[in-house]
Amino acid sequence: MTKIISNKTNLKNSHIPVLAEEVIKNLNIRDGLTYVDGTFGAGGHTNMILSSATCNVVSIDRDPSVSIYADKTRKIFPNNFKLINGNIGRLKFLLENNGVKNIDGGILFDLGVSSMQIDNAERGFSFRYDGPLDMRMENSGQSAADIINESDERTLNDIIFTLGEERKARRIANAIVEYRKNKLITSTFELAQIVRSAIGKNPRLKIDPATKTFQALRIKVNNELMEIEKALNDAEDLLSPGARLVVICFHSLEDKIVKNFIKTRSGLTPNPHRHSAKIYSNFNKNTPSFKSITKKVVKADNKEIQINSRSRSAKLRAAERLNKMENAA
């Protein structure tokens, strides 16, 4: 029987896993199986899975700073936990390179930025704290400051409009270009104030005017949407029949990718046009590889939102890998 960790236990931890009971339920955690937490973060979901059954968990994270949390988990579960540093876009390579060729339990992805990254001002993910405009999960490559200061106005508009779904992207892009004529934009507070001044505050919206711009930059810096597409394809190859795929999204673009992947792989939509996204390539609608197990998107209830405000925008979808006989049916 699956053991559910109580909310009381979770509250003692600095990091509260989002949709904890729904993750446990939809992963169908059982003794003796192997699970992958593709987004380890502060280890909330990994510890929850390991506490729910006598199972094994291989966790992955692209952020090197998570090692301190992994050390804590390793002390509690020394024999059935492993952390791999890497990007979920290379999920299959990372696992096979560590001797894991198939997953008989399930794979969990808790997408987006982690609480520990948001709460660290030096990482530059949030305008709640003044810090360098960075946003790199891997501490390497192009930073948000590089994009803001080096991109032309049209490129900035495209990034903010497409990845942030910000309708006032053109005004924001223009304000950024005008501001940097006098000085480079280097801090989170600086950029947030530019955005606020450019578009003003809508009293009907609860979110800060800078939210969507910061979101767009983070997704761009870390190439998040492409990595999700790759990870879903790899998960399909890695999961054994009966194993589960569970994905938590916080952004509509992420959720759209996951929703369409599960619907298409479950045979619930026509085979897409040949120029559609890569996640649909080489798929035959007559041989579904997954069965959707969440008929509707799962969201946090009011009780969880009160305990953990981050869960407010969380959306969970899950599917079960089919076996060959079911594929042929």
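Reader: In which helix is Leu-50 found?

Author: The model is a predicted one, and what follows should be read with that in mind. Leu-50 is buried, with a relative accessible area of 3%, and its C-alpha lies 9.5 Å from that of Ile-76, which is 26 residues away in sequence. The helix in which Leu-50 is found is α3.

Reader: Which residues is Leu-50 in contact with, once its neighbours within four places in sequence are left aside?

Author: One of the residues in contact with Leu-50 is Cys-55, which counts as buried at 2% relative accessibility.

Reader: How many disulfides does the structure hold?

Author: A disulfide is a covalent bond between the sulfur atoms of two cysteines. Cys-55 is buried at 2% relative accessibility, and Cys-249 is buried as well, with a relative accessible area of 1%. For a disulfide to be counted, two cysteine sulfur atoms must lie within 2.5 Å, and the number of disulfides in the structure is zero.

Reader: Which backbone oxygen does the side chain of His-45 reach?

Author: His-45 lies in helix α3, which spans residues 44–52, and it counts as buried at 3% relative accessibility. Leaving aside neighbours within four places in sequence, its contacts include Pro-17, Asp-37, Leu-108, Asp-110 and Ile-248. At a distance of 2.8 Å, the side chain of His-45 reaches the backbone oxygen of Val-18.

Reader: Is Leu-19 buried or exposed?

Author: Leu-19 lies in the loop between α1 (7–11) and α2 (20–27), and its phi is near 50 degrees, a positive value in a residue other than glycine. Most residues other than glycine have a negative phi. With a relative accessible area of 1%, where the cut-off for burial is under 20%, Leu-19 is buried.

Reader: What relative accessibility does Asn-223 have?

Author: Asn-223 is found in the loop between α11 (211–222) and α12 (224–238). Its phi is near 50 degrees, again a positive value in a residue other than glycine. Asn-223 counts as partly exposed, and its relative accessibility is 39%.

Reader: How far apart in space are Leu-27 and Gly-105, C-alpha to C-alpha?

Author: Leu-27 has its place in helix α2 and counts as buried at 1% relative accessibility. Not counting residues up to four places away in sequence, Leu-27 touches Tyr-35, Ile-49, Gly-105, Gly-106, Ile-107, Leu-108, Arg-244 and Val-246. Although Leu-27 and Gly-105 are 78 residues apart in sequence, their C-alpha atoms are separated in space by 7.5 Å.

Reader: Why is strand β5 largely enclosed by the rest of the structure?

Author: In a regular strand the side chains alternate between the two faces of the sheet. In β5, Arg-244, Val-246 and Ile-248 are buried on one side, while Leu-245, Val-247 and Cys-249 are buried on the other, so that both faces are covered. Strand β5 (residues 244–249) is largely enclosed because the number of its six residues that are buried is six.

Reader: Which residue of β8 is the bridge partner of Leu-245?

Author: On the β4 side, five bridges join strand β4 (residues 106–110) to β5, and these two strands run parallel, with Leu-108 partnered by Val-246 of β5. Six bridges join β5 to strand β8 (residues 315–321), and that pair runs antiparallel. In β8, the bridge partner of Leu-245 is Ala-319.

Reader: Which helices do the buried residues of α9 pack against?

Author: An α-helix has 3.6 residues a turn, so residues three or four places apart point the same way. In helix α9 (residues 169–179), the buried residues are Ala-169, Ile-172, Ala-173, Ala-175, Ile-176 and Val-177. The buried residues of α9 pack against α7 (144–150), α8 (153–164), α10 (188–199) and α11.

Reader: What percentage of the residues in the protein are buried?

Author: The secondary structure of the protein comes to 15 helices and eight strands. Of the contacts with a separation of 6 or more, 66% are accounted for by residues 24 or more positions apart. Among the 329 residues in the protein, the buried share is 53%.

Methods: Residues are numbered from 1 along each chain as its sequence is written. This is a predicted model: local features need pLDDT of at least 70, side-chain atom pairs count only at pLDDT 80 or more; totals for chains, interfaces and linings use all residues. Side-chain values use heavy atoms; hydrogens and water are left out. Helices (H or I, at least four residues) and strands (E, at least two) are DSSP runs, numbered from the N terminus. Buried means under 20% relative accessible area, exposed over 50%, partly exposed in between (1.4 Å probe, protein chains only). Two strands pair if DSSP finds at least two bridges between them. Contact means heavy atoms within 4.5 Å. A polar contact is a pair of N or O atoms within 3.5 Å; within protein, one must be able to donate a hydrogen and the other to accept it, and residues adjacent in sequence count only if both atoms are side-chain atoms.
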